[in-house]
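This report walks through selected side chains and ring contacts. Keep the sequence and the 3D view open while reading.

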Amino acid sequence: MFLDKINQELDILKEKGNFRELRDIDSILSKPGMVNLSSNDYLSLGSDELLRREFLEYALENNLRLTSSSSRLLTGNTNEYIELENKLASLYGSEKAIVFGSGFHANEGILPAVSNEKTLILADKLSHASLIDGLRLSSAKNIRYRHNDYDQLNRLIAENSSLYEKIIIVTESIFSMDGDEVDLERLVEIKKSYNNILIYLDEAHGVGVRGKNGLGCAEEKGVIKDIDFLIGTFGKALASVGAYIICNNCVYEYLINKVRPFIFTTALPPINLAWSLFIMDRIASMDQRRERLKKISQKMHSYIESASQPVISSSHIIPVMIGESSKACSIAEQLQKLGFWVMAVRPPTVSEGKARLRISLCADMEEKQIDSLIRALKQLVPPYE
């Protein structure tokens, strides 16, 4: 009975074109000429062999351990954690930083910890699943406002500001599926109009690629000090693993005592933390890679503007809207045969009827590869209705 029900649900996923499966990505990407357009290695640091070799020599010389074998509150809080968090705090000009095992852990743990029944959380409709799970685990009332609709956000705040001790606005800086951005300066302006508003910003797709020192969109817009909870991740442009929050001493002490995924998770291995620090020591000098990524992104934006496609993205994440899941899968498969590893993004990751190709650009891509991709898209992608 139980397995019959599961099989029925799997059949429905297959019929709708929403069935997923794991693939041997190493064998796929090792094919000559295959261009990976599904990676979040935006600065191409993860594929930089010279960087990797330099770090591995350092790791061997310093006998870096491969496991922490414990949570941070037991014996897992190694020197590598302390050095990395001190580096992050220094870069952002803050008192403290806390490193988490992943961005998902950070978002699903911090939001419940900093809110209660006297809190209202207003979250952008397109916020990442980890943020939504954090809302669900929280005891706060939460409302998901229309994507980047600041008029609705203003109205919700005006209606509720006197009813709650605090209101937390939750958003991403660059949105993971549409590739567009939040208006941070406007959010800060809204915050300053009230005395009980906090901003929770997930910079997963902004860190590394934006800002003079690669610290993200908040640095680019000059509003780091106005963000109450600034979350960054190592697992994308920074080519490592884990996440962090920038905070003051008071919040630091509170979070390490209250965030369940922090308290009950085995700490990251010292070798991974050392690699993150190795990258952070160099991230400010990556301007050439950031400019390269910006240049090829603009080329893709020009194609989107010239095609019958909705103009959404303002970043290195380029959605090509298709509509139906089965059609998106079919086009993705054709592109893969042409040497472009592109995946179809389907419900529930995106809304019904908004399946798309998610093209994720990286700094080491050649312009001739982008030109070939655009030619292929012109042939395969019908006008979006």
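## Side chains and rings in a predicted model

His316 touches Tyr42, Ile174, His205, Val209, Leu293, Ser297, Ile359, Ser360 and Leu361, leaving aside residues up to four places away in sequence. The model is predicted. His316 sits in the loop between α14 (287-306) and β9 (317-323). Is His316 buried or exposed? Its relative accessibility is 3%, so His316 counts as buried, the cut-off for that being under 20%.

Next, the aromatic rings. A pair of rings is described by the distance of the centres and the angle of the planes. How many aromatic pairs are there? The count is eight. Tyr92 and Tyr244 make a tilted pair, with 5.9 Å from centre to centre and 55° between the planes. Tyr92 belongs to helix α5 (residues 79-92) and Tyr244 to strand β8 (residues 243-247), so this pair ties together parts 152 residues apart in sequence. Both Tyr92 and Tyr244 are buried.

Trp275 and Phe278 are another pair. Why does this pair count as stacked? The ring centres are 5.5 Å apart and the planes meet at 15°; stacked requires planes under 30 degrees apart. Trp275 and Phe278 both lie in helix α13 (residues 270-280). They are three residues apart, so about one helical turn separates them. Trp275 counts as buried because its relative accessibility is 12%. Phe278 is buried too, at 8% relative accessibility. Trp275 and Phe278 also belong to one aromatic cluster, together with Phe55 and Tyr58.

Charged ends also meet rings. The table lists two cases where a charged end sits over a ring.

| Charged residue | Ring | Distance from ring centre |
|---|---|---|
| Lys14 | Phe19 | 4.8 Å |
| Arg72 | Tyr81 | 3.7 Å |

One more tyrosine deserves a look. Tyr254 is part of helix α11 (residues 249-258). Its relative accessibility is 37%, so Tyr254 counts as partly exposed. Tyr254 and Ala113 are 141 residues apart in sequence. In space, their C-alpha atoms are 8.6 Å apart.

Definitions and conventions:
Residues numbered from 1 in each chain as written. Predicted model: local features only at pLDDT ≥ 70, side-chain atom pairs only at ≥ 80, totals over all residues. Heavy atoms only, no water. Helix = DSSP H or I, 4+ residues; strand = E, 2+ residues; numbered from the N terminus. Buried < 20%, exposed > 50% of the residue type's maximum accessible area, 1.4 Å probe, protein only. Contact = heavy atoms within 4.5 Å. Phe/Tyr/Trp six-rings, centres within 6.5 Å; stacked < 30°, edge-to-face > 60°. Lys NZ or Arg CZ within 6 Å of the ring centre and 35° of its normal.
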